[in-house]
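Okay, thanks for coming, everyone. Let me put the structure up and walk you through a few spots in it.

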Amino acid sequence: MKIKSLHYFSVMCVLITALFTVNSANAQLKSLIEDFEGFADGQKSFEKEGLFSYGSIELKTIREKTKGFGYSGRRAMQVKWSGDEYFGGWGKGLGLFKHLNHETDHFNFYILNPVKNDKNTLRIIIQDDDNHSGKFEEEHDDSWEYTLELKASDEWQLISVPLKDFENANEGGDGIFNINYRGGMLLGVVFDFPDIEQYSSHQKWYFDFLSFSNGKLPTGETIFHPHPADEDDFSTLGAWTEKGLEGKISNIAEDFENLFNCSEKEKKQLGVIHFFKPFAVDGGHVENLYPDVKSINTIVQAGYTPMITLETRFIGLEDESVQPNLYSIVEGHFDNFLSNWARQVSQIEGVVLLRILHEFNGDWYPWSIAQNDRNPDLYIRAYRHIRNIFRNLGVDNVQFVWCPNSMSTPQEHWNYIMDAYPGDEYVDFVGLDVFNGAGQTGVPVWRSFRKETADIYYMLTQELPHKPLLLCETASRERMNEEEGQYFQSKAQWIEQMSEALTTDFSKFRLVVWFNQYEPFKVESSFESRMAFLKYIWENPHFQSGNRYFENSND
């Protein structure tokens, strides 16, 4: 997107920044706006990723200035001055709900500024959506600005600016910084360069890791190292494989473990075996698929904890309009089946993790809020209804998992996940599903694990800190060779970064389940991917063997 004047620019999205901050023990990464890890080396066109420049600014992703670890990663954004226009800047359009607190939160970014001029002024602008239109309108919305003077440096600097230091530069809005599901969307962030007329052609600045945090972005050994995990943090390993589709759930563990256990000395065992149980898979609409108690007990006796995703739908229906919805669950249409289902589960000789009505904040399941009158209260009633069936029958070996998707689709006020929380009495574990490149047509946008997970991880750990957090499904696709080539981050590098996040600032997941289905998402989709998982996950002591954590969860 090109902006033809500074006035038009101020009517746009914007970003933030300032050198200040109090290091709080509770500080935490809150939202990752961009880390540039999904871009290609040398990429100059960014329309698909929502980035734009205007005036005399040119953008290009680069690798040579980055550190290759932590918040630095392997890619940054180069900003170069060229042309004859005496204004310029760049930014990112978002149009997303972000939970930001004006009093406590900071905007952060890394900058490498070797430009030795008399003045290096940077103006950051944030725009919020006061009238809920999804676009910036000068007569209705607020635009928040902060101006910063930077000294030239040949080293990277971490800039962290309190949101309360931003001033409202547009009188059209309500004058309140209210970017959240209750208030309005974060429409975008922009960096503007007021002193551009003094810059010579081809001068360059570099930016990386644009983010929001609660307090200053917490770091560890260096400004790029994420805050380290606590000593008692760990994750149990789990997996789902296509053996589950064949009904061979007792073979899931062996199928996955054999990818990595090369010898008895190196042998490691999963802790959780994940599989799905819909109402039926025969193309009809009569519920008839019950848990195979014998096979599940074989899993339990071998030292694994089963995690069952009960899908309240029929697989293979020609007419999807007859799928069950939340109303039919609440009205008791499936009570007899669910009661018999619960009695079957009660015969399992160990703890069962039961995930129901998962990914409800997407729009792809018949139980999603989007397909049920946009009513989160109805979802809560349906979730509680199913749980009460088990409770009333005295089935006490089941631990219930409430599991949103990492991104709410669509981004609407009514699709806020905490409005659909069934309550502590009904939820034993909080789950989360995180995928890179799933469910998108064409060449899907590539997002790092941190970028895909940060917002909802912060929300869940802050809103529900007393509930153990499980990563119930995660995977990344491979790159599409013809369309994407060798200059992009690879799946193996994505796995490496995921491991680094899970063992540092995202270390509160007590379970990590790789979703090993569909060829581009399988961990063995390439030799490099399998070796990355072996090195950074399987052989990493943070990711534990066995199910000790879950076998004691009913105590």
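First, the ground rules. This is a predicted model, so to speak a computed one, where local features need pLDDT of at least 70, side-chain atom pairs count only at pLDDT 80 or more, and totals for chains, interfaces and linings use all residues. Residues are numbered from 1 along each chain as its sequence is written, and side-chain values use heavy atoms, with hydrogens and water left out.

Now, confidence. pLDDT is the predictor's confidence in each residue, on a scale from 0 to 100. The chain averages 91, and 93% of the residues score at least 70. Over residues 1–25, though, the pLDDT is below 50, and that stretch still has 98 contacts in the model beyond near neighbours in sequence; a contact means heavy atoms within 4.5 Å. Where pLDDT is low, the predicted coordinates should not be read in detail.

On to the pocket. We work on a 1 Å grid over the protein atoms alone; a pocket is an open set of points where a 1.4 Å probe fits, with protein on both sides within 12 Å along at least five of seven lines, and lining residues have an atom within 4 Å of a point. The largest pocket holds about 1000 Å³, the volume being the space filled by probe spheres set on the points, which are joined across faces, edges and corners. There are 35 lining residues, and closest to the centre are Glu 359, Tyr 365, Glu 473, Phe 515 and Tyr 518. By class the lining has 17 nonpolar, eleven polar and seven charged residues; here Ala, Val, Leu, Ile, Met, Phe, Trp, Tyr, Cys and Pro are nonpolar, Asp, Glu, Lys and Arg charged, and the others, Gly among them, polar.

Which strand gives the largest share of that lining? It's β14, with four residues. Strands here are DSSP runs of E, at least two residues, and helices are runs of H or I, at least four, numbered from the N terminus.

Next, cysteines. Count a disulfide as a pair of cysteine sulfur atoms within 2.5 Å, and the total is zero. For Cys 403, the nearest cysteine sulfur is that of Cys 472, 4.1 Å away. Cys 403 is buried, at 0% relative accessible area, and Cys 472 is buried at 0% too. Buried means under 20%, exposed over 50%, and partly exposed in between, with a 1.4 Å probe and protein chains only.

Now look at Gly 238, in strand β13 (residues 235–241). Gly 238 is buried, at 2% relative accessibility, and touches Leu 270, Val 272, Leu 511, Val 512, Val 513 and Trp 514, leaving out residues up to four places away in sequence. β13 also turns up among the elements that the buried residues of α10 pack against. Those α10 residues include Phe 533, Leu 534 and Trp 538.

Last, the backbone. Most residues other than glycine have a negative phi, and most peptide bonds are trans. Phe 36 has a positive phi near 65 degrees, and Phe 209 has one of about 50 degrees. Phe 36 lies in the loop between β1 and β2, while Phe 209 is in strand β12. And the peptide bond from Thr 409 to Pro 410 is cis, with omega near 5 degrees.
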